[in-house]
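Here is a short briefing on one protein model. Keep the sequence and the 3D view at hand while reading.

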Amino acid sequence: MWLDILLLLIGLALILFGANWLTDGASAVAKRWGVSDLVIGLTVVAFGTSAPELVISVVSAIHGSAGLAVGNVVGSNIFNVLVIIGCVAVLAPIKVDKGNMTNDIPLVILSSLALFVCANSMMLDGLPENVISRSEGLLLLLFFMIFMRYTFSIARNAVNGAEAVDGADADAKKIPLWKSALLIAAGLAGLIFGGEWFVDGASGVARGLNVSESVIGLTIVAAGTSLPELATSMVAALKKNTELAVGNVVGSCVFNVFMVLGVSAVIRPLELGGIGNFDLLTLVLASVLFWFFGWQIRTRTITRVEGILLLAVYVAYTSVLIYNA
């Protein structure tokens, strides 16, 4: 049991460090090849922050641990909305841009509803068990391609955003080519070995606690893989840049469902196992609350009280999971 916990922690550390090294190395190489700052920000950096969820879900799918793969995504998105947005709002009320309210946050609701539909094969198709099939995985990937096309079209006109990425990548170009290659190699190794060890450790912990992999995926794994987003958003809140937290959560939630689950389902159809409509509807509820609180008396602000309510919903949800485990 303790060895499994150690394996889980080492695996998580390797994944987090690996994602950071890979992002830094790839950004530096891209700059040397003349790739624009905008493309780097939307591809390399976006991949880096969601790499933990992608690696763990893909490795879980390959190993046949579908409950861990799906639980990782569902739990991560619930954590992103309820905990990250909740904590940021408690630190500093979040002023939500009109574009976020009308274009971006609805995408989080769409991704949640799409997952709910794909995951209800028994109710909608009369199948003997709930499975996200390969065809549904391909459909999710098509949604992801549409999302990326939308993101590129929006960002192309966002001059200020492009300038911000340029400042962040200024140092990346200074990294020597040999060091960039070393960072990429170390990052890939960290992601591969870390993913293997993390999944093995999480599966061992589930067996040791006599709970399903789904519950472990919804709680421990989900919180662990959301650490990059949580750290980024908390730092942004302390710097009074709460809009960054909103963009961070929106991008992560959409990426997790459309890209991570899409790739995982294409590799192997995902049986939901212990993931039920209680978990999926909690995700839908969290997404709707995210949007609804943003409209607070038409001021487009998520207040501290609403942040506390979001955190309370997460505590209640986790308590039910633990009680039923």
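Accessible areas here come from the Shrake-Rupley method with a 1.4 Å probe. By that method the protein exposes about 14,600 Å², and carbon and sulfur atoms supply 70% of this area. The model is predicted. It comprises 325 residues, of which 50% are buried.

**Overall make-up**
- The protein contains 13 helices and four strands.
- Among contacts with a separation of 6 or more, 83% link residues 24 or more positions apart.

**Helix 8**
- Helix 8 covers residues 177-209, a run of 33 residues.
- At 1.5 Å a residue, helix 8 should span 48 Å.

**Cysteines**
- The structure has zero disulfides.
- A disulfide is a covalent bond between the sulfur atoms of two cysteines.
- Cys118 has a relative accessible area of 6%, so this residue is buried.
- Cys253 has a relative accessible area of 1%, so this residue is buried too.
- The cut-off for buried is under 20% relative accessible area.

**Thr301**
- Thr301 sits in strand 4, which covers residues 301-302.
- Its relative accessibility is 9%, so Thr301 counts as buried.
- The side chain of Thr301 makes a polar contact of 3.4 Å with the side chain of Lys95.

Note on methods
Residues are numbered from 1 along each chain as its sequence is written. This is a predicted model: local features need pLDDT of at least 70, side-chain atom pairs count only at pLDDT 80 or more; totals for chains, interfaces and linings use all residues. Side-chain values use heavy atoms; hydrogens and water are left out. Helices (H or I, at least four residues) and strands (E, at least two) are DSSP runs, numbered from the N terminus. The expected span of a helix is 1.5 Å times one less than its number of residues. Buried means under 20% relative accessible area, exposed over 50%, partly exposed in between (1.4 Å probe, protein chains only). Contact means heavy atoms within 4.5 Å. A disulfide is a pair of cysteine sulfur atoms within 2.5 Å. A polar contact is a pair of N or O atoms within 3.5 Å; within protein, one must be able to donate a hydrogen and the other to accept it, and residues adjacent in sequence count only if both atoms are side-chain atoms.
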